[in-house]
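Please look at the aromatic rings in the structure below. This report covers ring pairs and charges placed over rings.

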Amino acid sequence: MKQLRIPAVYMRGGTSKGVFFLKDDLPADPVARETLLLRVIGSPDRYGKQTDGMGGATSSTSKIVILSKSERPDCDVDYLFGQVAIDKPVIDWSGNCGNLSTAVGPFAIEQGLVGAPADGTAVVRIWQANIRKRIISHVPMKDGAVQELGDFALDGVAFPAAEVRLEFLDPADDEGEGGGGAMFPTGHRIDRLDVPGLGAIEATMINAGNPTVFVDAARLGLTGTELQKDINGNPKILALAEAVRSHGAVAMGLVKTAQEATEKRQATPKIAFVARPAGYTASDGKAVTADSIDLLARIFSMGVLHHAMTGTGAVAIAAAAAIPGTVVSRLAPVGADGRVRFGHPSGVLSVGAEAREDAGQWAVKKVMMSRSARRLMEGWVRVPG
């Protein structure tokens, strides 16, 4: 048996890594394509290591991106994201990866999918096919190539790189088909979820970036200053978080049962817990002071606590902070500058939101944040035929 040889680029985007493909280099049949992509990443791996594939055995490093030229007049490229389960033969196509969204523009330029100036800033208009939203990427260019190296520091990434600015347009409107519909699917900014083993718990369930469930940290018995080591070795807390997430998925209309959410829709909705500012030591040993942040926020991804913050989680935080009466905004409403600073396990991130009220209805028009991206390897992946 010979191995297949498929063109691919291994890229970091924000605090995630993934394998990037052009759509035309993959099988057209969805079942054949998914089977191949699982094998590329090395899933399912009963040992949980993805040793025989490109995956890194974490939710942040078990990802697939597929790009093609867009047929939409208002976009340059179509971007499809797959979150690959580690120990199951499942690729969840229900949501976006905000971190890897940062790498889409640079990849599209280098692959010739979109033109760019020799120097300055290239503007890449992205159609996020999973959640049917537009993203505008501002990519720095120098001497005819994407500028990847620079001094922009991102907490959660060890080395600095060039800054890529992202604008998520209308991230919480009612038009997206992949996110579950309305910005607040239940019609309320705060709901009470009845969760077995926990009882009634207040939650904000919002479609912004990805469907996300926000709860107060204290209601889970947490402080909001936790790191991965405090959570991911605690089966009780993980089970509790999944119970809230899965029941939130039912309330949002994304699945019919909580069991279905756990077994078949692991990537979305995300669940995040928030708390008022407090000082803590980040995962790299750096001190984060209470006065440097407006909010504490932690998010779970694929059943475990994320080491930093998902990009779409940051979008959801910005949107929820911009709208009065949510679990997030009652702790930290967006400031006069339209931005909110939150502390996550790896440090601090600032995001901005443009929101407005019209006849009692709030709309989030744009969420802005900066990340970085870099090509780590390019060539071909080998897959058993």
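## Charges over rings

Which residue lies over the face of Trp93? Arg33 does, at 5.3 Å from the ring centre. A charge counts as over a ring if NZ of Lys or CZ of Arg is within 6 Å of the ring centre and within 35 degrees of the ring normal. Tyr280 also has a charge over its ring: the charged end of Arg298 sits 4.7 Å from the centre.

## Basis of the values

This is a predicted model, where local features need pLDDT of at least 70, side-chain atom pairs count only at pLDDT 80 or more, and totals for chains, interfaces and linings use all residues. Residues are numbered from 1 along each chain as its sequence is written, and side-chain values use heavy atoms, with hydrogens and water left out.

## Aromatic pairs

There are two aromatic pairs in the structure. Rings of Phe, Tyr and Trp (its six-membered ring) pair if their centres lie within 6.5 Å; planes under 30 degrees apart count as stacked, over 60 as edge-to-face and the rest as tilted.

Phe20 and Phe107 have ring centres 5.3 Å apart and planes at 50°, so this pair is tilted. Phe20 is in strand E2 (residues 16–22) and Phe107 in helix H2 (residues 98–110), so the pair ties together parts 87 residues apart in sequence. Helices (H or I, at least four residues) and strands (E, at least two) are DSSP runs, numbered from the N terminus. Phe20 is buried, at 0% relative accessibility. Phe107 is buried too, at 3%. Buried means under 20% relative accessible area, exposed over 50%, partly exposed in between (1.4 Å probe, protein chains only).

Phe273 and Phe300 have ring centres 5.9 Å apart and planes at 50°, so this pair is also tilted. Phe273 belongs to strand E13 (residues 270–275) and Phe300 to strand E16 (residues 295–301), 27 residues apart. Both residues, Phe273 and Phe300, are buried.
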